[in-house]
Amino acid sequence: MTVTRKASELLNIPTMEICDHIKKVLSEKQRFYSYINIIENDDGFDTTVKPILWPFFLSTKMNITFADYNEKTEVIVSTQSQWFILGDGFNAYNRYIRTFLDGLRKYS
């Protein structure tokens, strides 16, 4: 079974600038995890969230897409655990999304 989480936010960042800001956020050092295997594609970005301090926590796939709304951009972030994860008792997946959007929000 896979655990998935998804959230979106409408930001005051033009779509033409959003990729640069996403790259900045993905390159920022986080306290408990890092973003690895960052791939930019036509739809957005794919990356893996890898815990640093807790090696028994497994890495998680994160997908970032965006849509143009005039001078604003809707950013959609989703996480997907590995197939054998049954739950998210620590609410880590929502925290990964929230932290990413918080980082991106400072550019709006």
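Trainee: Where does Phe-32 sit?

Mentor: This is a predicted model, by the way. Phe-32 is in the loop that runs between α1 (15–27) and β2 (33–41).

Trainee: Which residues make the nonpolar surface patch?

Mentor: Phe-32, Ile-52 and Leu-53 make the patch, and its area is about 270 Å².

Trainee: OK, helices next. How do the axes of α1 and α2 cross?

Mentor: Two numbers cover that, since packed helices are described by the angle between their axes and the distance between the axes. Here the axes of α1 and α2 (residues 92–105) cross at roughly 125° and come within 9 Å. That angle makes α1 oblique to α2.

Trainee: What would count as roughly antiparallel?

Mentor: An angle over 145 degrees, while roughly perpendicular covers 65 to 115. The crossing here is at roughly 125°, so oblique is the word for α1 against α2.

Trainee: Is the crossing left-handed or right-handed?

Mentor: Right-handed, for α1 passing α2.

Trainee: Switching to salt bridges. How many does the structure hold?

Mentor: Four salt bridges. One of them joins the side chains of Arg-105 and Glu-9, with an N to O distance of 2.6 Å. Arg-105 belongs to helix α2 and Glu-9 to strand β1 (residues 4–11), so this pair ties together parts that are 96 residues apart in sequence.

Trainee: How accessible are Arg-105 and Glu-9?

Mentor: Both end up as partly exposed: Arg-105 has 33% relative accessibility, and Glu-9 has a relative accessible area of 21%.

Trainee: What does Asp-102 pair with?

Mentor: Asp-102 forms a salt bridge with Arg-105, at 2.6 Å from N to O. Both residues lie in helix α2, three residues apart, which is about one turn of the helix. Through shared partners, salt bridges join Glu-9, Asp-102 and Arg-105 into one network.

Trainee: And is Asp-102 buried, exposed or in between?

Mentor: In between: Asp-102 is partly exposed, at 38% relative accessibility.

Trainee: What's the story with Glu-40 and Lys-23?

Mentor: Their side chains meet in a salt bridge too, at 3.2 Å from N to O. This pair links distant parts of the chain, with Glu-40 in strand β2 and Lys-23 in helix α1, 17 residues apart.

Trainee: How far apart are the C-alpha atoms of Lys-23 and Glu-40?

Mentor: The C-alpha atoms of Lys-23 and Glu-40 are separated by 9.1 Å. As for accessibility, Glu-40 has a relative accessible area of 44% and is partly exposed. Lys-23 is partly exposed as well, at 38%.

Trainee: Why can side chains like these pair at all?

Mentor: Side chains of opposite charge can pair when their charged atoms come close.

Trainee: Last one. Where is Asn-91?

Mentor: Asn-91 is in the loop between β5 and α2. With 31% relative accessibility, Asn-91 counts as partly exposed.

Trainee: How far are the C-alpha atoms of Asn-91 and Ile-38 from each other?

Mentor: They are separated by 23 Å, and Asn-91 and Ile-38 are 53 residues apart along the chain.

Definitions and conventions: Residues numbered from 1 in each chain as written. Predicted model: local features only at pLDDT ≥ 70, side-chain atom pairs only at ≥ 80, totals over all residues. Heavy atoms only, no water. Patch = residues over 30% accessible without salt bridge, like charges linked within 9 Å, V, L, I, M, F, W, Y side chains within 5 Å. Areas by Shrake-Rupley, 256 points an atom, 1.4 Å probe, with all protein chains shown as cover. Helix = DSSP H or I, 4+ residues; strand = E, 2+ residues; numbered from the N terminus. Axes fitted to C-alpha atoms, helices over the stretch in contact; angles between N-to-C directions. Parallel < 35°, antiparallel > 145°, perpendicular 65-115°, else oblique. Left-handed = near helix turned anticlockwise from the far one by under 90°. Buried < 20%, exposed > 50% of the residue type's maximum accessible area, 1.4 Å probe, protein only.
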